[in-house]
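Hi,

Here is the structure I promised to pass on.

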Amino acid sequence: MRIVIDLQGAQGPSRFRGIGRYSAALAKAMIAHGGGHEFFIALNGAVGDDVASLREEFSELLPQENIRVWFPSRGQTNAVRKKCDELTREAFLASMKPDVVHVSSLFERVNDVPDITVGTFSCEVPTALTLFDLIPFMYPDRYLTSPHAKQWYMARLDSLRRAHLLLGISGSACREAVQHLGIPAANVVNISSAADDQFKKVDVAPQVEQDLRSRLGLERPFLMYTGGIDYRKNIEGLIRAYASLPDELRKPRQLAVVCSVGEESRRELQKLARDHGLSAEDFVLTGFVSDQDLVLLYNLCELFVFPSWHEGFGLPILEAMHCGAPVIAADSSSLPEVVGRQDALFAAHSDQAIAAKITDVLTDDVFKAELAAYGPGQAKNFSWQQSAARAIEALEERFDGRRSPKYASTPLARRPKLAFVSPLPPERSGIADYSAELLPELARFYEIDVVTDLPEISDSTVLASCTRRTVDWFVRNHQRYERVLYQIGNSHFHLHMFDLLRVVPGAIVLHDFFLSGAYSHRAAHSGKPGLLSVELYRSHGYQALVDAAAPRNYENTIYKYPCNYEVLQSATGVIVHSNYSNVLARQWYGESAADDWALIPLLRVGDAGSDRARAKRELGFAENDFLVCSFGYVASTKQSQRVLDAWLKSSLASDPKCRLIFVGDTDGGPYATRMIRSIRDSAKDDRIRVSGWTDQELFRRYLAAADIAVQLRTLSRGETSAAVLDCMNRGVATIVNANGSMADLDPEAVLMMPDEFTDQQLIDALESLYADSGLRARLGENARQIIATRHAPRTCAEQYFQAIEWFYAARELSRPRLIEGVVDCLREGSEADCLAVSESIAWSLPPRPSARQLLVDVSIHLDQGASQPDWTRLRELIATTPTGFRVEPVYLCEEREGYCYARSFTLDVLGVPKDMLEDELIDAGIGDRLIVFVAPSEPGSSRYVHMKNLAERGVCIEHRDIRSWGLFGLHESSDSLSQQVASAGPAEKLVEQNT
């Protein structure tokens, strides 16, 4: 399971109190003993300086990227921002895709910090809460006296009731939830508590004891209480009971109340003691003591007394037992289960009972020794490992496997309304034909409107199952649709979809991973030539712009860079047809980029085909002619010339019955022109043919007639070859090379060559299939079976339904859904509220996929009069960007209150028109790195504050010496920058180097 622990309970005022210590200790134990589970820690970036210290505290248990931070909106808190922050926090937790979120403490109240909530953004995120107690609810006259306090507490209880599981710190706390809140007993589990390892028996050196007693005013043997000054702690009862002891027991001893105490409480308790005959020496209020002193006091006290009327657990009892102190306690709430023996308990509300039990211990040395010996053994029954094991077992039992499967599988009660945006027949697009085959089957699951500006649709099955809508109508009425699906490819048929997707987000089918060709066409025909450049930068950074600007390099740039980042950001979900697209996504955008993508085979309608001999006759061939066909455009990417060359060198060329047919059109370009000339020069052009454009009927006739198909690729764009699947569907023995998606084909169903095959390997493949009819038949039948089982339209349509429903279920927990929620809240807010909430979302839920950023602070070089270094090193860094990173020069802009991308400056350095991009505030987070060339900033300075904010967001910040440009390491060692960055790893501290 993926377990996200919201550890805000260990931040702020609770950091070193009981709840904070419990939360941190339990989290550590769960992570340390969590078996194969994956853990994340979630922190609030607005709570004190605890983010950095907790990162350090958990650094040996978790990688830094598993410690995530969210940021509430900055500035004056109001009702609008409070609601938005609550939504942002829950969406932030949901963005980590947890199997369960464990909230360490629900009742955390910090000024100007959003309240912890459950189920405000969505009730679908499985949530477990640590339940400490319900004391304010059970004693409202004491703890909820003001209307505001009562309203706040009851709102927290509302969240508690929406939690899926409560992890109580004692059996008593669990019973309270069942009895007083009506929580089902099955939803409450006792995980108990434990004491830290520092609480143990120690030998206290005489000088140490003397110094401690002198500091605290403990001159005689003493009885001890610790835990806090509160109505329910019953310290007054303890004072009265102690004062009532016989003089021979009381006068040789002191009563020590060890805890922080306010002045008013101090005066009241001291007066109570005096009124009952206790002198200042008899009754000692130590005030706050350190944990080290507390351990010594537990070891030195003659008796530890805990008279509380009500506790969630009673941790001081356990601490005292670990230290070997004799312990007696009230018989209330959770205390009996901690103490573990009846004869060490007294009636909670009786001063006489307290006094009697103290007397029993002080007058019976055997009983006192027995309690002292018993304590450490009883305390061993409570450990963090045991509590963690109980917690994890409860989470496993309740949530393991509960997270939504990758694909939904339950049919819906009705068909949701779906808008289907795609090329359609009669457009000359393979995706148009594909969509026409998919739609009738998909209509079993959805009520479908097809969105197109075609004046008419030529496919009758589409018209029978769908309603046609224009693009303009769809834009005006898109709210009518519950689902939207785009079929996106790398051609001019899809240009309108890029803007449309931003306005109306939806799931996309990415037929081609590379969309740079479509963007290039869009830029050329839109009157906005900078569109491609902007998208190149957004997708791949500055080096892509440098490559595109180089003379005669534009086409190479189009082939090199995918240019699909904007589309992926706007998509509700992504469907691809081959695992190769997933490989490309990880290659360009990081290992997790395709984690939520759906892989659905490219569908093919079953093709029984016609008799091969008959098909040959219809095409004008003899029945005994042997046809080798290559389907698709004649192009360098299809390696058409190599197919021709190998055929001419093979034995097939000398057999007059063998023919080579290129079933497809040419683009009239230089490559096709040279190939046509090669065919004429071969002296065999009567047996070699390029068919030109074929409609579906003619295309299928060639498929039926083919004896062998040769389908080669190079420079794959992430697309799936429909032609290969068509050949397999028809049962044609097919030769392929392991390029792109074709590498995933079953080698028992095609004749697979290496991606980088030799001419001889292709010749051998042709000749082996030509000579072996049995091999041809075997490959063809295997291929036909694969298509029939994995690629059938009904099977693929069902997978579409499952994926789309999963995408839209996940969308309810997504960044776009959060934005919709805060937009509703901000209708009542100001412009300042909008800006603050927007910044909070940008920091807390950065868009993905994205490469990590190597941020280079060039502020010092933008200052007037600053000496300019040799920018060759910056250019070289951009040109040799480490794998998985993108280089982004930045500068500190006080007017915008943060770091900004230095885009104009960088473009100028690179010799690219600098007005192409605008400077904006940076968007940085986990895994990014900032390199600064100025001396470390003083705490409290503006620069320090901005750098600290970045550090808390998980950005590693390093100082370097500008004189050496040590960042780049190009002259200091043989290590590459890639190696340096990879080995450094993310960190939260400001690291000083060479300063």
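Below are notes on a helix pair, a glutamine and one further helix.

First, the ground rules: this is a predicted model, in which local features need pLDDT of at least 70 and side-chain atom pairs count only at pLDDT 80 or more, while totals for chains, interfaces and linings use all residues. Residues are numbered from 1 along each chain as its sequence is written, and side-chain values use heavy atoms, with hydrogens and water left out.

Helices α29 (residues 640-649) and α30 (residues 670-681) pack with their axes 10 Å apart, at an angle of about 15°. α29 and α30 are therefore roughly parallel to each other (angles under 35 degrees count as such). On the α29 side, the contact (heavy atoms within 4.5 Å) is made by Ser640, Gln641 and Leu644, and α30 contributes Tyr671, Arg674, Met675, Ser678 and Ile679. Those residues divide into four nonpolar, three polar and one charged.

Next, Gln853, which lies in strand β27 (residues 852-857). Gln853 is buried, with a relative accessible area of 7% (buried means under 20%, with a 1.4 Å probe and protein chains only). Its side chain reaches the backbone oxygen of Asp923 at 2.7 Å. Leaving aside neighbours within four places in sequence, Gln853 is in contact with Phe885, Arg886, Glu888, Tyr901, Asp923, Ala924, Asp928 and Arg929.

Finally, helix α9 (residues 235-243) is mostly covered, as seven of its nine residues are buried. The buried residues of α9 are Ile235, Gly237, Leu238, Ile239, Ala241, Tyr242 and Ala243.

Best wishes

Terms used: Axes are lines fitted to C-alpha atoms, for helices over the stretch in contact, and angles run from 0 to 180 degrees between N-to-C directions. Helices (H or I, at least four residues) and strands (E, at least two) are DSSP runs, numbered from the N terminus. Angles under 35 degrees count as roughly parallel, over 145 as roughly antiparallel, 65 to 115 as roughly perpendicular and the rest as oblique. Ala, Val, Leu, Ile, Met, Phe, Trp, Tyr, Cys and Pro count as nonpolar, Asp, Glu, Lys and Arg as charged, and the others, Gly among them, as polar. Buried means under 20% relative accessible area, exposed over 50%, partly exposed in between (1.4 Å probe, protein chains only). A polar contact is a pair of N or O atoms within 3.5 Å; within protein, one must be able to donate a hydrogen and the other to accept it, and residues adjacent in sequence count only if both atoms are side-chain atoms.
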